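Subject: Structure for you to look at

Hello,

Please find the structure below. My notes on a pair of helices and a sheet follow it.

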Amino acid sequence: MARDLKYTRNIGIMAHIDAGKTTTSERILYYTGKTHKIGEVHEGAAIMDWMVQEQERGITITSAATTAFWNYEGDIYQVNLIDTPGHVDFTVEVERSLRVLDGTVATFCAVGRVQPQSETVWRQADKYHVPKLAYVNKMDRVGADFLAVIEEMNDKLGAHAVPIVLPIGAEDKFEGIIDLISKKAYYYDQDSKELVNYQIREVPANMAEEVEEWRGKLIESIAEYNDSILEKFFDDPDSITDDEIIVALRKATIDMAVVPTCCGSSFKNKGVQYLLDAVMRYLPSPMDVGEVRGINPDTDKEEIRKSSPKEPFCGLIFKIATDPFVGRLAFIRAYSGKLDSGSYVLNTRSGKKERIARLYQMHSNKQNPIDFVEAGDICAAVGFKDLRTGDTVCVENHPIVLESITFPDPVIGLAVEPKTQKDLDKLGMALSKLSEEDPTFTVRTDHDTGQTVISGMGELHLEIIVDRLRREFNVEINQGAPQVNYKEAIRSTVQHREVFKKQTGGRGKFADIIFEIGPADEGVSGLQFIDAVKGGNIPKEYVPSVEKGFKAAMANGVLAGYEVPSLKVTLKDGSFHPVDSDALSFEICARQAFRKSCPKASPMIQEPIMALEVVTPEDYMGDVIGDLNKRRGQITSMDSKGNARIVKAKVPLSEQFGYVTVLRTLSSGRATSTMEFSHYTELPSNLAKEVIEKASGKKFEGDLDE
């Protein structure tokens, strides 16, 4: 029997490192009856952190999906839950999960408050218009302050965070929470393993005034979402019912106007059941999110699919994973219609039909077979040949392309080679499987050295990849030192003529092009190609070959062979030979033209710049700043939080290898840092020369200054 979609919740848990996402997920699994024993992250026993590397390090690396059921006010709700990583190196996992979720629980640490990664995941959720519920965890820790977190959320994230509970006590005196809507106090027994490990009592007398004040603020912030609340708010605030508040707060949450915020201590089993109730109460069902929009590839017109099993099927592949027992798994979010196990779907990227042999409901790294999946649900499929992250699958006679997922470019590379000949074949297969799973992990062969270079989002990312090669794929490798992924660009626009002639026995080769080459317009990536040929001097059928030649040449710049990410080429004129000219001649001509024209257009090397945030005790502030200056860092701001100082800086990635160790030494282990990619910028000419000489193996005699 088809489920009523209003009882489905597709939610993710997102946050910065160590906010307690996985611990919260584990408690949710326990209280929803999915597990009978609570798995602890610090003991390496968390269900959602199933990878060996995750259990050893106590961090989440891949987003794990599971399905659980929760009884809220007599109705059984299905919760598809995704636990995402907090580490910025695995930002792809958060990005692709948010793309397919209807709502998210943003988790904050009551002591660490809003961290740089909190801002990153918050922006990602905003990008995909995902409504949020906030949960302030670790209320039992020394220094916990619920209202300070709310203040920081509003200041730093521009959120409109509204408390729906108040904590009873804090730190070691944290006993429970007061629900501001029902004005009831929940006192928790942290040692009880019962589902109901709390007692509901009246609000303590010493908090009555505070509860009234914050309840008034809550009603004020949602009054504009309900006319009757607005009238009653001015006439008789006491006549506003709990149900009216819940309805208005739900609407405001789904409109992303407010963020209901509750608190607890997942580790001490306090506040998790209330959080689950809040998810059912305020976060949207697939029906609330409404229809999904896409483009019909046949007509290029926009089409709408409603979130209903009666519509034609369409879904988005948001993740590919390799399972040792069932093979490659594609995680699908179904947006409309119904998909049966064993049926065929159309992949609109490749234009090919794919057979979905089996469908599974996921529980971390275990699968439960299911017969079909319907609109609004999340499942995993096996049996396909060619599916990638971001592909749209749909029924053949109703094609649609949904908006894909955008991924950042890798910024750091590592040369790897197999230790033995027998590892050679295994390495190729293992790397292709891993790059299929993770779009931010790329593999290429260096043309000059013949080395295999793997690239990723940071040192930890590549460390995990190398570890997985050894453990999952039994491939032993030697690895070089990490390398920075530089890029190349040109500063000025030049005009150039290139003639390609080759006379061999029989038919020759001939192409002649006149073009202008320069930097791409702002905000444009890739090749911006403009065909401005008049009078048919170059036949129309050869123009795409010119474009193809330039596009292929951009993979290796003229200075050190690094990729040129954007370029503008205007093809103005040229000529052809009626016998000797063909498409290949024009493609080769364009490649040669790129190599000869770029050196005249003030080429430069660009380096990745990282946004760094260091939290340090004041005593070590001078040493930390002095060290950042040595690393060509630019300090962007200095703040204080309690008795710690926060230094924000933009620092080149090339200067940051091994920084964590240096920072520990400078601060006697008391400072911490977080880093994420910011942007690319021009590398100073003296350093650019070193990079070019290292890449080419010979002295560079040219001039890099504009």
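In this predicted model, the axes of helix α11 (residues 421-437) and helix α12 (residues 459-471) come within 11 Å and cross at roughly 130°. Axes are lines fitted to C-alpha atoms, for helices over the stretch in contact, and angles run from 0 to 180 degrees between N-to-C directions. Helices (H or I, at least four residues) and strands (E, at least two) are DSSP runs, numbered from the N terminus. α11 and α12 are therefore oblique to each other (under 35 degrees counts as roughly parallel, over 145 as roughly antiparallel, 65 to 115 as roughly perpendicular, the rest as oblique). On the α11 side, the contact (heavy atoms within 4.5 Å) is made by L427, A430, L431, L434 and E437, and on the α12 side by I465, R468 and L469.

Now the sheet. It is open and has four strands in the order β26-β27-β25-β28, with antiparallel pairing; two strands pair if DSSP finds at least two bridges between them. β26 (442-445) and β28 (477-484) are at the edges with a single partner strand each, so one side of each has no neighbour in the sheet. On average, neighbouring strands are turned by 25° against each other, direction ignored.

β25 (residues 412-418) and β27 (residues 452-456) run antiparallel and are joined by five bridges. L414 has I454 of β27 as its bridge partner. α11 packs on this sheet and touches β25, β26, β27 and β28, its direction making about 150° with that of β25.

Residues are numbered from 1 along each chain as its sequence is written. Local features need pLDDT of at least 70, side-chain atom pairs count only at pLDDT 80 or more, totals for chains, interfaces and linings use all residues, and side-chain values use heavy atoms, with hydrogens and water left out.

Regards
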